[in-house]
Amino acid sequence: MLMEIKGLSKSFKNKKVLQNLIMSIDKSDLILIQGTNGCGKSTLLKIMAGLMKYDDGEIIATEPIKIGAFIENPSFIENETALYNMQFLMELNGKFDKEKVATLCKKFYLDLDDKTPVKKFSIGMRQKLGIIQAIMEDQNFILFDEPTRGLDKESMEVFNQLVDSLQKEGKTIIICAHDGVSNIPFNKAYRMEEGHLVEQ
């Protein structure tokens, strides 16, 4: 087991979003979480990523985890290029590998050397950058929140293939998505209902 979540609870203004949630995650798991808007999927991912505190329960990681996260709308330095943004993010933790990032961009039909500022990018282009930043540092625990939103059919297929290859490399991946992931071979699938994860 890579991570165990026991009795996780989170409320916002007396509204319980997560209630005594239990989840076991193994290395190389490829997990799908679905549910209605506002049911708590994004909240769960934010807590797992360390971006949000929880009220009760515990999260136990059994080995070192390097988290890559794409949660809700990706944020960038709007007046700068994709290259500037990716270099800035990668250099926060280490050395910028332009060749690796350029290869990932090419897979998604993006040109890393394009001088267009990110503020002029379409929703789909921003989504692609968000996906790339979540995996470009060889993260081994990857969280995707609606990653296919705004992607064209070809880019959805690229994403599906990318996820498959990452899982085969031993990465653990959790995806919250309504559509665009039907071809991904998930080994676990859940539905978020009333703050609990119900296995499908």
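Start by selecting Phe88, which is partly exposed at 39% relative accessible area (buried means under 20%, exposed over 50%, partly exposed in between, with a 1.4 Å probe and protein chains only). Phe88 is found in helix 2, residues 82–90 (helices are DSSP runs of H or I with at least four residues, strands runs of E with at least two, numbered from the N terminus). What you have open is a predicted model, where local features need pLDDT of at least 70, side-chain atom pairs count only at pLDDT 80 or more, and totals for chains, interfaces and linings use all residues. Residues are numbered from 1 along each chain as its sequence is written, and side-chain values use heavy atoms, leaving out hydrogens and water.

Next, bring up Lys46 and Glu72: their side chains meet in a salt bridge at 3.0 Å, N to O (a side-chain nitrogen of Lys or Arg within 4 Å of a carboxyl oxygen of Asp or Glu). Lys46 sits in helix 1 (residues 41–48) and Glu72 in the loop between strand 5 (67–70) and helix 2, 26 residues apart. Glu72 is partly exposed, at 39% relative accessible area.

Now pick Arg126 and Glu78, whose side chains form a salt bridge at 2.7 Å, N to O. Arg126 lies in helix 4 and Glu78 in the loop between strand 5 and helix 2, so this pair ties together parts 48 residues apart in sequence. Arg126 is buried at 18% relative accessible area, whereas Glu78 is partly exposed at 29%.

Last stop: Asp138 and Lys171, joined by a salt bridge at 2.3 Å, N to O. Asp138 is partly exposed at 46%, while Lys171 is buried at 8%.
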